[in-house]
Amino acid sequence: MNSSKSPYYTPEHEAYRESLRRWVATEIEPYADQWDEEGTFPRELYRKAAQIGLIPMGYPEEYGGIPADLFYLIIGAQELARAGAGGVSASLLSHTIGTPPIVRGGSPELKARVLPGILSGEKISALAITEPSGGSDVANLRTRAVRDGDHYVVNGSKTFITSGMRADYYTVAVRTGGPGRDGISLLLIERDRPGFSRTALERKMGWWASDTATLYFEDCRVPVGNLLGEENRGFRLIMENFNQERIFLAAGCNGFSRVCYEEALNYARQRHTFGRPLAEHQVVRHKLVDMLMRINATQAYLESLAWRIEQGERPIADVCLLKNQATLTMEFCAREAVQIFGGAGYLRGNKVERIYREVRVNAIGGGAEEIMRDLAARQLGI
Amino acid sequence: MKILVPVKRVVDYNVKIRVKPDGSGVDTANVKMSMNPFDEIAVEEAIRLKEAGVASEVVAVSCGVAQCQETLRAAMAMGADRGILVQTDVELQPLAVAKLLKAVVEKEQPGLVIAGKQAIDDDANQTGQMLAALLGWPQATFASKVVVTDGKLTVTREVDGGLETLELPLPAVITTDLRLNEPRFATLPNIMKAKKKPIDTLTPEALGVDVTPRLATLKVEEPPKRKAGVMVGSVDELIEKLRNEAKVI
Ligand SMILES: Cc1cc2nc3c(=O)[nH]c(=O)nc-3n(C[C@H](O)[C@H](O)[C@H](O)COP(=O)(O)OP(=O)(O)OC[C@H]3O[C@@H](n4cnc5c(N)ncnc54)[C@H](O)[C@@H]3O)c2cc1C
Ligand SMILES: Cc1cc2nc3c(=O)[nH]c(=O)nc-3n(C[C@H](O)[C@H](O)[C@H](O)COP(=O)(O)OP(=O)(O)OC[C@H]3O[C@@H](n4cnc5c(N)ncnc54)[C@H](O)[C@@H]3O)c2cc1C
C-alpha cells in the first residue's frame, strides 16, 4: 500500500506493484462489473496473469515458477483487490490454495507433469476440503479413498469449491485411514477421471464471477502416484496450507478495505448535502479516519507477520488473529463505505456494494472467525 | 544495430499538479515520479525492433538527478539491455539534454535514436529535433508506425489532416506519438532481471557539455479556476449569451 518508506519493500517490489496496478486497471477493472453480472470471466485471464507473474510467483523455478518472498504475494493480493472483484481474485488465484500441497507433497514425476501447466496459466488448480457435512471440522471429513492395487477408489462429495467448475487439477482431502486427523490424506484428482462429476453452486451472496461447485466422486479411481505427502499424514499438509491461505486472504481483505476507504473518500469529497461536501460533516470524516485507522493497523500487523514468517517463524496464533483482524476491518469498512454512499451504495455496479456482499465469504472461508479465535486461544495455551 | 532510447523522469500522469506557493515552479516534493509516457512508447518500439531481429541492443539513457536510475530500471524491466545515467542536479532544458544525448550518441554509436515526442511535464517538444540537428541526422517526428528494411527507415507520421510517410536513411532520430504502440507491462521476472543489468554513470563535465540553463522561469501560476455555470431560461437567452457574452456565434 503506501509503502515507499517501508522497510519491507525493495525498489523491485515497488516496480512490480506499479506494473501490476496498471495491469489490473487495464485487464480487470473495466470488466469487473460485467464479469460479476455474467457470473464468469474469460479463461484467457489466467494466461495473462501468469505472464505478468501473478500466478507463478512464489513457486520453484524448475517448474516455471518465480521464487519470490511473501511481500510479493501481499502485493499481488492487494493490487488485484483494487479491482474490487473478489470473485475474480478468488478463482484466478485458486492455485494459491490448491497448488502448495502439490509442491510440498507431490512426487517429482507428478510435479513435472502438473506444475508447469498450472504456473503458466494453462491449467487451473483448486483445493477441495469442505464437505456438505461441514468445513470447520476438517479432522472429521468423510470422503473415502480405499486402496485397490495401485489405485485409490474415491467415494464422497465436496462442496463450496472455488474454481470447482473449471479446474483441471483438484487437491482433495480424503479419508484413507481411521477416524480423526490421523486418517486423512491428500490426493490430486484430474478433472477427467471417470466417476468424478460436478455441479455449479449458483446464486451466491457474492463472488459471482467465481465458479463455486459441488464435486461428486463415485468409485473414482485415482493412481497411488497422485498421493500428496504420506498416506494418513494429510492433516498436517492441510494445516500448513491454511497458514499461507490466511495470510494471502488477509492481504486481499485489507486491499478491499482500502478500496472501500478510497471510494468513500472520493465520494465524500464530491457529494454535497446541506450545502457542504459530505467529507466536511464531522460524522462522515470521522467514519473515514476510523476506516483508515483499522486499515493501517491491519496492514502493519500483516507486514510484520510476513516479515517474521520470512525469518523462519511459524506464528500460527498470530496468523489466526490477523485473519480475523482483516475480515473485521473489511466488515467495518464495507459497512461505512456503503453508508457514506447512501442510496447509491445500495445499487449494483459499484465497488463498495460488491465488496459489502463479499465480506462474509472471507469471514467464513479459509477458517471461520470462530474457528480462528479458538485455534489462536489453543495455540496460546489459554 | 544498437538503438538508444532517452527516457525522462517526470511527475506521474496521475498526480494532480500543484504550483509552489512562491510561484517558482511545480511542487515535486514527495510526488510520485514515473517514466514519461511517450518514452515508454519509445522503449516499447525499440524492444519490438530487437525482438524482430532488427536491433541487437537497446540502451536507455536518462539525464538528471540520481533518482533517474529508477526510470532506467523501469526501461530495463520492460526489456532494455542496459542503462546510462548522465547525472546532474542542474535543471536541464531541452538544448542541454540534446547536447548531452549527442555526446552519448558519439560514444555509443547507435544506428537509431527513438525518443518521446515530448515530455508531459514541460511539453517542450524540442529535444528530438535538436538532437537530430546537432548530429546532422535525418529525423521523423510524431511516428505512428516504424518499419526498418535493408538499412532504411519508413516512418508514418501523424500530421494535421492525415498521415505522412517518410523514408529515411540510417542513422536517424525518431520521436514517438501516442498511437505507435501500447507499451507492455513489466513482468515480475523481468523486474528481477533488470536489477542485475548494468547502469553506467556519466556527468555533463565528463562529456564536455555545458548544461547551464539558457532560459529563466519567471513565474508559474495555476490555470484560472473554472467559473460556476449558469442556468439559462430559454433557447433565446442561450443564443443571446453565446452571441454577446461568449462571442462564439
Ligand atoms: C464462496 C465460497 C468459496 C469457498 N471455497 C472453498 C474452497 O475452494 N475449498 C474448500 O475446501 N472450501 C471452500 N469454502 C468452504 C469454506 O471453507 C467453509 O464454508 C468454511 O470452512 C466453514 O465451513 P461450513 O460452511 O461447513 O460451516 P460449519 O463448519 O458448519 O460452521 C458453521 C458456523 O459454526 C461455527 N462453528 C463451527 N464449529 C464451531 C465450534 N467448534 N465452535 C464455535 N463455532 C463453530 C463456524 O465458525 C460457522 O460460523 C468456500 C466457501 C464459500 C462460501
Ligand atoms: C432501495 C431504496 C428504496 C428507496 N425508496 C425511496 C422512496 O420510496 N421514496 C423516497 O423518497 N426515497 C427513497 N429512497 C431514498 C432514501 O430515502 C435515500 O437514499 C436516503 O434518504 C439517503 O439519501 P441519499 O441516498 O441521497 O444519501 P445522502 O443524503 O447523499 O447521504 C449520504 C450519506 O451521508 C450521510 N449524511 C448526509 N448528510 C449528513 C450530515 N449533515 N451529517 C452527517 N452525515 C450526513 C447520510 O447519513 C448518508 O450516510 C430509497 C432508497 C433505496 C436504496
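Modeller: Let us begin with ligand 2, whose shell holds seven nonpolar residues, five polar residues and one charged residue. In this classification Ala, Val, Leu, Ile, Met, Phe, Trp, Tyr, Cys and Pro are nonpolar, Asp, Glu, Lys and Arg are charged, and the others, Gly among them, are polar. The model is predicted, with local features needing pLDDT of at least 70 and side-chain atom pairs counting only at pLDDT 80 or more, while totals for chains, interfaces and linings use all residues. Residues are numbered from 1 along each chain as its sequence is written, and chains are lettered from A and ligands numbered from 1 in the order in which they are written.

Colleague: Which residues come nearest to ligand 2?

Modeller: A residue counts as near a molecule or strand if its C-beta atom, placed from the backbone, lies within 6 Å of it. Ligand 2 has 13 residues around it, and T273(A), H281(A), V283(A), G342(A) and G343(A) come nearest. Two helices, α10 (282-310) and α11 (316-341) of chain A, each supply at least two residues of this shell. Helices (H or I, at least four residues) and strands (E, at least two) are DSSP runs, numbered from the N terminus.

Colleague: Which residues come nearest to ligand 1, and which elements contribute to its shell?

Modeller: There are 20 residues around ligand 1, and the nearest are I129(A), G135(A), S136(A), T162(A) and A368(A). Two or more residues each come from β1 (125-128), β3 (151-162), α13 (359-364) and α14 (369-379) of chain A. The shell is made of ten nonpolar, seven polar and three charged residues.

Colleague: How many residues does each side give to the contact between domain 1 and domain 2 of chain A?

Modeller: Two residues are in contact if their C-beta atoms, placed from the backbone, lie within 7 Å. Domain 1 gives 27 residues to the contact and domain 2 gives 21 residues. On the domain 1 side, α2 (32-38), α5 (86-92), α6 (95-98), α7 (100-105) and α8 (108-119) of chain A are the elements with two or more residues. The largest share, five residues, belongs to α5(A). By class, that side has eleven nonpolar, twelve polar and four charged residues.

Colleague: What is the strand order of the nine-stranded sheet in chain B?

Modeller: Strands of a sheet pair through backbone hydrogen bonds, either parallel or antiparallel. Two strands are taken to pair if DSSP finds at least two bridges between them. In chain B the open sheet runs β9-β8-β7-β10-β6-β1-β4-β5-β11, with mixed pairing. At the edges, β9 (162-169) and β11 (199-202) of chain B each have a single partner strand, so one side of each is left without a neighbour in the sheet. Within the sheet, β1 (residues 2-6) and β6 (residues 112-116) of chain B run parallel and are joined by two bridges; L4(B) has V113(B) in β6(B) as its bridge partner.

Colleague: Which backbone details in chain B deserve a look?

Modeller: Most residues other than glycine have a negative phi, and most peptide bonds are trans. D123(B), in the loop between β6 and α4 of chain B, has a positive phi near 50°. L170(B) and P171(B) are joined by a cis peptide bond with omega about -5°, and P171(B) is found in the loop between β9 and β10 of chain B.
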